[in-house]
Amino acid sequence: MREKELEKIKEYKYGFSTDIEDVKAPKGLNKKVIQFISKIKNEPKWMLDWRLKAYDRLQKLTEPDWQKPKYPKINYQDLYYYSAPKSMKDKPKNLEDLDPKLLETYKKLGIPLQEQKKLNNIAVDAVFDSVSVATTFKEKLTEKGIIFCPISEAIQKHPDLVKKYLGSVIPLTDHYFATLNSAVFTDGSFVYIPKNVRCPMELSTYFRINASETGQFERTLIIADEGSYVSYLEGCTAPMRDENQLHAANVELIALDNAEIKYSTVQNWYPGDKDGKGGIYNFVTKRGACRGKNSKISWTQVETGSAITWKYPSCILQGDNSVGEFYSIAITNNYQKADTGTKMIHLGKNTKSKIISKGISAGFADNTYRGLVDINRKAENARNYTQCDSLLMGSKCGAHTIPYIKNKNSSSNIEHEATTSKISEEQLFYCNQRGLNQEEAVSLIVNGFCKDVLQQLPMEFAVEAQKLVGISLEGSVG
Amino acid sequence: MLKINNLSAKIENKQILNGLNLNVKAGEIHAIMGPNGSGKSTLANILSGKKGYEISGSITYQDKDLFKLEIEERAHNGLFLAFQYPLEIPGVNTSNFLKTSLNAIRKSNGKKELDALEFLKIIKLKAAELKIDEKILNRQLNVGFSGGEKKKNEILQMSLYEPNMVILDETDSGLDIDALKIVANGVNSLRDKKRSFLIITHYQRLLDYIKPDFVHVLMQGKIAKTGCSDLALELEKAGYEKI
Amino acid sequence: MIEELKNTFDKFNKKISIKDKIVHTRLDNFNAFAKIGFPGKSLEDWKFSNFNKIISKFKNIRVNLEEKIELEFNNFITEFEHNKIVFVNGFYNKHSFEYENEDKIVFDFLKNGPAYKASGNNSLNLLNNAFFTDGLLLNVKEGYSFQKPLIVYNVFKANKNNNFFNHKLIINVEKNANLELVNNNINLNSEPIFLNTSNFFHVEKYAVLKLFQINHLNNQDLNYNLNDATVLENGVFENFILTCNNEFFKNDVFCFLKENYSSGFINGCILANNNEEHEIKTFTKHIGESTKSYQKVKSVLDKNSKSIFQGKIYVDSHAQKTDGYQLSKAIILDQNSEFDSKPELEIYADDVKCSHGSTSGNLDENAIFYLMSRGLSRSDARKLLIKGFLEDVIETITSEKIKKYFSKRLSILLNEYR
């Protein structure tokens, strides 16, 4: 036994030099890599054990294959699980090195120069303006007792909260990608809102800058204690240059009695080029538990990027009178594929859920809404309303609606509606006649089509999202 | 302003217009009347650039070849069509639509784009002038509008864009007398020496309120008769058969 | 169970089908079935039911080895005049085309061919190909319209050694021809049966086939029914079913709208009770342009029962101007019943009009209150509302006599229902 352990330590020393600043974990997925990640983050033993448990479980799982978009087999042994795959010297040195098309997009989105640099991992020596900004915010939050920090920091400073809630919504044993994340997650956000506190500002990954690079396995945990409220924005609002890279993030939300969490995402990862080469595989697990009575979780997502988007932000409505909402826009163009939707699991009495999904498909793209509404036997007076609308642009793309509805309660009420349509020639003609060119007209009509979802977004996000909608569809109408 | 020369149009091998000639000078109001199927709406569609027709002949608009202008370029150049059946566009706020399109036109003419506040001031004024309830501005574009509300919205747009050449495609059909007055009022208030109108209508009714300079009768794809405003009354009494 | 079936199949092969022209393909089909077994929950098409569990309750699966069964058969359905073909325990008994010009009708038995290749992954269909008895092949000649409906009576006198029946129909309706077909399954004994049916329909240009399914079975019977219809230019396929009294019933309808302007209408009422599980699954494939399909399925559920609607509309990229509509609604009357639904759209053409809707819930208390305030008892008020709810689907039937029949039958069933 002792000999074996010694053997391990030897290997460890051999595999990873002491100069931590310089190394990244070698390619591949194994216990040593996980130990390395845990070590480098100076994690307590319980955290490492937890990761290893996930790793063991992973060995018994296989990748799901029921989804519509198929992708080439990922070689998990060929990935880096710590440190970004691109070293600093591979990164573009300045904006001139970037694809001019990207810069064009930034300009259209109105992203300031400093932000642009940041989003492309350009090494900027100057101190960000926002660092000081972030500090001021941090002070304001600390005053109210709100914890908002990288999850690696929370593991050190708030182990009780992390131990209690991490994996309580997405268990270690969930599914392949979620379990993979549990084993190897590098960083992410942690939010705790104390009892009866209304978070005074929108929290966003934008503000939590200079936390270490989160990489492809992000882990987010948000806890809203009794009577609290928080709105969280996840902004991947600029394209990242990555080639067919896997993003398997996990996001867990917990809302206790009378608490409310609003989680908004605008996702615009690199979708691959117009021939479908490259782009991100966005396989994210997002799940919220309305644990307390009268609690509410609301997901809003605008998904315009990624080569493949495959995610179902879900709500487990445990508390009586709890409410789950899902508002989604998924736009796919060229060869992009999306299989997205939600699960609303009604367990408590008088629980309510609402699903509004808008899918837009252009070029050669495929867009699937897949959702589950499950009303449990005990969920008396549960209510669900679902509306899924698809818009097709051109006849080379596809739009699919696959709702699963399971109702085991006679006092419940479920309504589901879905439509598929196209932008009519007449609508375009009308707009053209009023002086709008083809692209302006399409953008206007599609934004109108998405209105019910866009209006759920916080103001500053909504403007950006509206522009994104237009940009994503450029060139899709001849 | 607008010169149509020997215009013929076919759709799916059906001849609709057959050698139509028309000359509209600046400041004139022309009315085109004709029975159903005589090609009235086709003429309006072709003028505003709708695709799908097989066309021969020529149209010059402000000394430009109209066929060389895209639909939106025609709008930018001040050609406005009030649709017979204005489209419903779900989710698009009417006020937002008006602002976006007005700014597109202004931009193309090298004018400064209006911000939300400036725009609101103008549109409220216009709505009040035309006695149109400004509540429609906050509704989705034409969605759930009554026939009258849709037509009023078209007139509101007309007065907002201040076009040079206005084509009204059966704007009067299906309107009650009050809505009809609003339409007529909108046209009359815009009437000046530089602006021309082409009023396409089936009935003489609208012409009680808007006095045209010329009345043309369109039959079998061409102008069968041209006269002054009395011709409309004559047609109302005698019908089209006599022509 | 598969082992048991294998033994049964060997006996069946020796005794019954030895004289068939297609005996070898039966074996191929059986082997293909044995390879995949009964459909499991992991199959998307069987996601909501646990057929393996249901079939495992069905002890001692036995097929008929006696061909001749004497039976004096009187018309089961007397409400409207009709032609008939009678099968008893899966074997031909008699027929009468008394209202028709028999020159215009060709009929034969499927055991004389054509042979079925063991293809596809529908294991119950493979099982049917292995075990079906006489089977009916019917061709309605060009331009001929049946004067009266044709009822295919499937009568079963089951016993312990004879409880598994495989029935098969192949119907071809030629150009401009017209047929109203009623398939009526009747179990005369109280012995539970497993009825496994595979039907294939071919509707040629401008032809119309209306298919109505009526079951007089018992509430321990298992019933799987496959309808596979191909519709050519301007053809119409219409399918209506009223389900009741089966422990398990699945109507699995595949409608292939192959050519322009063809249409398919698949409607149904599900009345489930006492631990029953009823499903209507439709898959409509729009290939031709300007094709049209409607599905309307309504369920009423009580006493620990379950109903399932799985409907899929597939629109090919060539199928422009498709008009597709799906509606599934359910009323759940007790705390232990369940309604599962999956109305699915898969669309690759942009100029289409497709939509679906699904609702489920209890009876509207306000409506009950209103009716009671007009003097109805609570139970009558409920019955009236349920009848109205289902009657809406019966309204879709385009043949007046048959519509009347179903409406009457629904009233009778509802009287027994609670």
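Start by selecting chain C and chain A together: across their interface, 19 residue pairs are in polar contact, both residues at pLDDT 80 or more. A polar contact is a pair of N or O atoms within 3.5 Å; within protein, one must be able to donate a hydrogen and the other to accept it, and residues adjacent in sequence count only if both atoms are side-chain atoms.

This is a predicted model, in which local features need pLDDT of at least 70 and side-chain atom pairs count only at pLDDT 80 or more, while totals for chains, interfaces and linings use all residues. Residues are numbered from 1 along each chain as its sequence is written, chains are lettered from A and ligands numbered from 1 in the order in which they are written, and side-chain values use heavy atoms, with hydrogens and water left out.

Next, select K68(A) and E346(C). They form a salt bridge, with the closest N and O atoms 3.0 Å apart. The rule (a side-chain nitrogen of Lys or Arg within 4 Å of a carboxyl oxygen of Asp or Glu) finds one salt bridge across this interface.

Now show strand 18 of chain C, which gives ten residues, the largest share of the side that touches chain A. Strands here are DSSP runs of E, at least two residues, numbered from the N terminus. Strands pair if DSSP finds at least two bridges between them. Within this pairing, select I405(A), which stands opposite S341(C).

Finally, view the whole contact (heavy atoms within 4.5 Å). Chain C contributes 36 residues and chain A contributes 32 residues.

Conventions: Helix = DSSP H or I, 4+ residues; strand = E, 2+ residues; numbered from the N terminus.
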